[in-house]
Amino acid sequence: MDFQVILSILDATLRLSTPLLLACLAGLYSERAGVFDIGLEGKMLAAAFAAAAVAAVYGSMWLGLLAGMAVSLGTTLLQGVAAITLRGNQLIAAVAINMLAAGLTTFLGQTWFGQGGRTPALGPNGRFAPIELPFVAELSGIPILGPLYAEVISGHYLLVYIAFIMVPVTWFVLFRTRFGLRLRAVGENPKAVDTAGISVNRMRYQAIIITGLLAGIAGAYFSIAQGSGFGNNMTAGKGYIALAALIFAKWKPVPAMFTCLLFGFLDALQIRLQSARLPLIGEVPVQAIQALPYILTVILLAGFIGKAVGPKAGGVPYVKER
Amino acid sequence: MSESDNMNPQRPKTAAAPAPASRWAIELEKINKRFGAVHANKDIDLKVERGTIHGIVGENGAGKSTLMSILYGFYTADSGTIKVDGTERHITDSRHALALGIGMVHQHFMLVENFTVLENVVLGAEDSALIAPSLKRARAELERIEDEYNLVVDPDAVIEDISVGQQQRVEILKALYRGAQTLILDEPTGVLTPKEADDLFRVLETLRDQGKTVILITHKLREIMAITDSVSVMRQGEMVKTLTTSETNPEEIAELMVGRRVLLRVDKGPANPGKTLLEVKNLVVADDLGVVRVKDVSLSVRAGEIVGIAGVSGNGQSELLESVTGMRDQRSGTVVVNGRELSLKGDDGAARARAAGLAHVPEDRQHMGLVTTFEEWENAILGYQDAPEYGGGPFLDIEAARRKAAEQIKRFDVRPANNRLKTANFSGGNQQKIVLAREMGRDPDVLIVGQPTRGVDIGAIEFIHNQIIAMRDAGKAILLVSVELDEIRSLADRILVMFDGQIVGEADPATASEGEIGLMMAGISQSAAALEARP
């Protein structure tokens, strides 16, 4: 494989890791606060649809992004009311969100736009365009680093950079701030937080609000950055893969980034392999190659997760009165 | 400590304490609290004098914890007034209570296990949005508190790595860091070794001498006598009486708690041991995580004898019990009941143990001994449901089962005497009686009993102890595991001390001192313990 191919795979890796990373960080806030969230998939899907629909109608990517975040936040709060205030089962509340999003996006898409659930293709103003970072020309003379900077680091959508900036930000918030201390405590031993005079439910709502906003950005990325419009089930299980990455990373932001990069890399490789003929095996069916990232998710989870211990109070609604 | 020090109500206050506005740190008047149909606190009056250690005793369900939770703002009283330092206050939540200088050390620690000591101390009391300055200030403040009260804990240790006694200190530090003037401790010695309990008492005395007020909730009369200045007795949601500790005695307090005279000592004759009925040889048992918790334990119990295993909880007793009764596979070793080796491996080990004449009263009755959502009669036959008298085949003879349950209820005085009631609705003592009635009723050769009186009130304790003695006198072999050293000492004919998965010594309850057994429980060898405990 020549250098150009490697660069293009790495470039695709960053692009494909981004929604995983945003969703993974979204889940991290929620789960660290003790609210298990398998509803990332549904939130992203709803956000992807809302972003594309608003961007198509108003011709503005910014309005689209805002709409995506708002819808994701709304579904998150709905889930929160069920799982936090009403102390419902967190898994079932999240599954409900996933089913609602899958059905409602297709239905509304067909009703409003009549294109089989898809939203109209977006014009240049409705979509995020790649950003050329400064100094690309100046650095182009340097071997390896120059092309690496130009091809891999530079030339991504704004949302890609936001995703990766969120990693150190999340680390700082979690481990260096009062908010983070309380958030982690509420996921481990909510009673300790309650007796310290802090409202457990309020902390959990604050956490899932961040989850909702980040999942909204992740969803919008699918339809108004990576793609130019919404298609049925366009998140394709990425919410679940993000969740697997979160567990594999043991609920820590930096390992989460590397895990998402690994999954993104496999996805990029998979795309590249689809047209390639492998030695000895010959042409591999496309479906088999496409399944690779999912198979790897299963192997990683089954093989390595055994010892991953999540936040102790995860999945348990907090009940104060006995 | 000499008791006479504690009596003087006009103890000199230290300069550090704020000028007292009132002689009373806490005054509660006509406090009422209901949970549904349960009237947990009825017109409670309580005055706690500043700079004293005030005990609150009562049986389970007497309303002690509810009362203190109201004072700490965890619950809100339905009616009544609370005065702190002479000023009436409406305590709305824990944060408010803390601000008024009331701190609480809960029975189950309120610590985040994967946080450091320092992080736990600042949690909820951070100065600013970033935690670094708070941690720095807390570190300095902890050093000062440690010096003042002789409370030493490593601030950078992670909670799950330190001992239970240390964790309790962290709880006390948390309260002091938040400026607590009044400290409430809820059953603080339940999880401690006798040595750790003594250390705690020394800390509490220092706190009192520095002008703090301590409220101690306990059901152990020995602790009340040893450390408190005054004691309030509660019974069935009512405040019965407040006494000056030096002017009362354990018998009087026990009578006030139960409402009738109780025998605090267990009355039993000498044992007449016969042939060996239970023999455990070289048992090695691992827990669910694969950690070896029972390390090559051998013991034997003869007919007509009670062997007690003393030890701080978590030293392998649970795994030992579970293995001998067939609930947990052993790595190696054998269990012989009445001369026959038991094959305990596999999922039906417990059933085979039962068939061999080994009955088991498990440590945790609510999770292992009973299905609390079942009706009483269903629990009365649980584990023996395949016996021919209940039908034997695929169908259950419900009438026979209910008759059996009614018999057991009568014999063990279970209240209410209703075998159709859901088991969760019986009190702790009555639930334990249901388990005991079931296990003792099959006339087993060997009875294994774990924590027979945990969470059981004094009246029922007396009954349960007498039943166990009666089993012994009927020629059964009884293996008793309890974290209550007093219970072991009064029931057992021989005491084995377990530490870190091994039997570290054997003691004769008639001659061994509490100190000697206590030291062995802390892992000090028998010979060294005998030397050190010598007065």
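The UniProt record, an unreviewed entry, places the feature "transmembrane region" at residues 12–30, 42–59, 91–113, 155–175, 205–224 and 291–310 of chain A. In this predicted model, two of these spans may be set against the annotation. Residues 42–59 of chain A are 94% helix and 0% strand, and their end C-alpha atoms lie 25 Å apart. Residues 205–224 of chain A are 100% helix and 0% strand, with 28 Å between the end C-alpha atoms.

Chain A as a whole contains 13 helices and two strands. Its radius of gyration is 20 Å, close to the 20 Å given by the globule rule for 322 residues, so chain A is as compact as a globular protein of that length. The C-alpha trace of chain A spans about 65 × 45 × 45 Å along its principal axes. Of the 322 residues, 45% count as buried. Among the contacts in chain A between residues at least 6 apart in sequence, 77% join residues at least 24 apart.

Helix α11 (residues 238–248) is mostly covered, with nine of its eleven residues buried; among them are A:Lys238, A:Ile241, A:Leu243, A:Leu246 and A:Phe248. Just after α11(A), A:Lys250 adopts a positive phi of about 55°. Helix α12 (residues 253–273) of chain A has 21 residues and reaches 30 Å from its first C-alpha to its last, close to the 30 Å expected at 1.5 Å a residue. The buried residues of α12(A) include A:Pro253, A:Met257, A:Cys260, A:Phe263 and A:Asp267.

The contact between the chains takes 15 residues from chain A and 20 residues from chain B. On the side of chain A that touches chain B, α8 (178–188) and α9 (190–195) each supply at least two residues. The largest share of that side, five residues, comes from α8(A). The residues on this side of chain A divide into six nonpolar, four polar and five charged.

In chain B, helix α13 (residues 398–411) has 14 residues, which at 1.5 Å a residue should span 20 Å; its end C-alpha atoms are 20 Å apart, in agreement. Its buried residues are B:Ala401, B:Lys404, B:Ala405, B:Gln408 and B:Ile409. These residues cover an arc of only 140° around the axis, which puts them on the same side of α13(B). They pack against α12 (376–381) and α14 (428–440) of chain B. B:Glu399 and B:Lys410, on the other side of α13(B), are exposed.

Most residues other than glycine have a negative phi, and most peptide bonds are trans. The table lists backbone exceptions.

| Site | Backbone value | Location |
|---|---|---|
| A:Asn233 | phi about 50° | loop between α10 (200–226) and α11 of chain A |
| B:Asp413 | phi about 55° | just after α13(B) |
| B:Arg415 to B:Pro416 | cis, omega near -5° | B:Pro416 in the loop between α13 and α14 of chain B |

A:Asn233 is partly exposed, with 15 other C-beta atoms within 10 Å. B:Asp500 has 12 C-beta neighbours inside 10 Å and therefore counts as exposed.

Conventions
Residues are numbered from 1 along each chain as its sequence is written. Chains are lettered from A and ligands numbered from 1 in the order in which they are written. This is a predicted model: local features need pLDDT of at least 70, side-chain atom pairs count only at pLDDT 80 or more; totals for chains, interfaces and linings use all residues. Two residues are in contact if their C-beta atoms, placed from the backbone, lie within 7 Å. Helices (H or I, at least four residues) and strands (E, at least two) are DSSP runs, numbered from the N terminus. Ala, Val, Leu, Ile, Met, Phe, Trp, Tyr, Cys and Pro count as nonpolar, Asp, Glu, Lys and Arg as charged, and the others, Gly among them, as polar. The expected span of a helix is 1.5 Å times one less than its number of residues. A residue is buried if 20 or more other C-beta atoms lie within 10 Å of its own, exposed if 12 or fewer, and partly exposed in between; C-beta atoms are placed from the backbone. The arc is that of the directions from the helix axis to the C-beta atoms. UniProt positions are given in the numbering used here, feature names are shortened, and annotations may be inferred rather than shown by experiment. The radius of gyration is taken over C-alpha atoms; the globule rule is 2.2 Å times the number of residues to the power 0.38.
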